[in-house]
Amino acid sequence: MSPRAGKNPGPTPHTLAFVESPVQLLNVLEWAHARQLHRKEPGAGFTLVVLSPTDPMTRGQLRRMAELARREGHTVRWEEARGGPMAPFRTIGGLTRLLRRAERMVMGDPFSRYVQLLLTITRADELVVVDDGTATMEFVGQLARGERLVRWHRKGGRSGFRDVLFAPVSGAARRRLTPSADHRVEVFSAMPIKDAPDGVTITANDFAWTRDRFGPPRVTKTADLVGTSLVETGVVDADRYLSAVKALAGAHGATRYFAHRRESAEKLHRLAVETGLEVVRPDLPLELIARRGPIGRTVLSFPSTVVHTLPLALSGTPVRVAVCDIHPTWLTEHASPRAQDFLSGVTGTATDVHRLAAVTPI
């Protein structure tokens with residue numbers, strides 16, 4: 001283990017970071033590590049605000065990641081941001097003073113309404129967006145095209161009443177995330193970013209912190225399969241997905257299934273019964289689980305963030321990452337019109353992965 005950063009030198013943070021998921025928190029730590037290494041900044045900690053969701057698995061992973069952040073010398077502020085109808089008002093009210101004093105704001109999800117509200121309050125002259133998975137690719141593209149910020153799997157759907165009501169805030173956040181003479185914007189990402197807006201600084205995330213703090217892992221002779229929440233987001237049909245998992249596991253000898261934190265308990269139970277796979281619910285983001293080990297010699301995945309991040313986290317190991325395409329017939333009738341193109345792009349832009357054809361469901 002490498003020495004940790006120093007303690008936060010005072011109550012007034014130079015940097016204020018906001019996260020709502022374990023992956024976002026991981027990438028804030030990666031950003032801080034990279035900045036210290038390459039920009040020779042001192043190792044003083046900053047304040048990291050967790051805008052806690054309600055589902056138990058995400059909360060558990062966030063608490064584990066928060067402990068790692070504290071070990072790095074950062075101050076963690078846990079906000080029950082969704083604990084009842086008055087929680088958002090209490091949370092934002094309690095953060096306003098910190099927001100107005102921060103010189104740099106780091107965020108993991110620019111699509112989040114919470115984050116967009118906070119962007120209208122901060123006076124920071126430096127804004128940093130760290131990865132929230134493949135959504136980062138869509139965010140940069142929308143920013144470059146001057147479009148409203150909409151998650152890719154919702155694009156093409158009708159705007160609801162809440163969307164219309166929130167539109168002025170979303171528009172203000174988009175303008176705030178556009179570089180200008182009075183503030184800078186950086187995107188810290190492991191994703192392949194193309195056509196970034198003028199003035200946006202793109203910094204590559206190579207998962208140096210993860211490799212430095214964990215591993216190298218013990219590599220087994222079997223294969224592991226990585227789950228996805230495409231069923232839960234309404235993109236992929238559940239029956240098709242389960243059949244594809246069964247076919248993929250059978251073809252490659254997979255024995256474990258690493259569940260996505262958003263996968264439902266009902267689906268995972270059915271998957272375990274029908275496929276015979278051991279379902280594992282990780283207590284940390286998969287990049288850390290894989291680096292800590294043990295991990296299969298082959299890691300199988302459908303199009304997702306991990307096809308970009310795992311090769312970086314597992315660099316220097318004999319592990320092979322393989323990605324299986326989503327066949328158009330697996331999509332639901334509710335899927336966004338551009339879902340297939342987006343998922344194909346996630347696969348096609350991945351480097352250091354072996355690409356598999358879409359399997360024929362059993």
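This is a predicted model: local features need pLDDT of at least 70, side-chain atom pairs count only at pLDDT 80 or more; totals for chains, interfaces and linings use all residues.

Residues are numbered from 1 along each chain as its sequence is written, and side-chain values use heavy atoms, with hydrogens and water left out.

Let me start with the overall composition. The protein chain has 12 helices and 13 strands; these are DSSP runs, H or I of at least four residues for helices and E of at least two for strands, numbered from the N terminus. Of its 362 residues, 55% count as buried. Here buried means under 20% relative accessible area, exposed means over 50%, and partly exposed lies in between, with a 1.4 Å probe and protein chains only. The protein chain exposes about 15,900 Å², and carbon and sulfur atoms supply 52% of that area. These areas come from the Shrake-Rupley method with a 1.4 Å probe, and for residues only the protein chains shown count as cover. Among the contacts in the protein chain with a separation of 6 or more, 72% are between residues 24 or more positions apart, a contact meaning heavy atoms within 4.5 Å.

I turn to helix packing. Two packed helices are described by the angle between their axes and the distance between the axes. The axes are lines fitted to C-alpha atoms, for helices over the stretch in contact, and the angles run from 0 to 180 degrees between N-to-C directions.

At what angle do helix α1 and helix α2 pack? Helix α1, residues 22-38, and helix α2, residues 56-71, pack at about 15°, with their axes 9 Å apart. The helices α1 and α2 are therefore roughly parallel to each other. Angles under 35 degrees count as roughly parallel, over 145 as roughly antiparallel, 65 to 115 as roughly perpendicular, and the rest as oblique. The crossing of α1 and α2 is left-handed; that is, the near helix is turned anticlockwise from the far one by less than a right angle, while clockwise would be right-handed. From α1, the contact is made by P22, L25, L26 and L29, and from α2 by T58, Q61, L62, M65, A66, L68 and A69. By class, this contact of α1 with α2 has 9 nonpolar, 2 polar and no charged residues. For these classes, Ala, Val, Leu, Ile, Met, Phe, Trp, Tyr, Cys and Pro count as nonpolar, Asp, Glu, Lys and Arg as charged, and the others, Gly among them, as polar.

The second pair is α8, residues 238-252, and α9, residues 265-275, whose axes come within 10 Å and cross at roughly 40°. That angle makes α8 oblique to α9. The crossing of α8 and α9 is right-handed. Here D239, Y241, L242, V245 and K246 in α8 meet K267, R270, L271, E274 and T275 in α9. The class count for α8 with α9 is 4 nonpolar, 1 polar and 5 charged residues.

Next, the covered helices. The buried residues of α11 pack against α7, β8, α10, β11, β12 and α12. Helix α5, residues 135-145, is also mostly covered, with 9 of its 11 residues buried. After α5 comes G146, whose phi is positive, near 70°.

Finally, some individual residues. I295 is in strand β11 and counts as buried at 1% relative accessibility. Which residue lies 76 positions from I295 in sequence, yet 5.1 Å away in space, C-alpha to C-alpha? That residue is V219.

Two cis peptide bonds deserve mention. One joins G215 and P216, with omega about 5°, and P216 lies in the loop between α7 and β8. Another joins G293 and P294, with omega about 0°, and P294 lies in the loop between α10 and β11.

F207 is not a glycine, although its phi is positive at about 60°; at 1% relative accessibility, F207 counts as buried. D352, also a residue other than glycine, has a positive phi near 60°, but D352 is exposed, with a relative accessible area of 67%.
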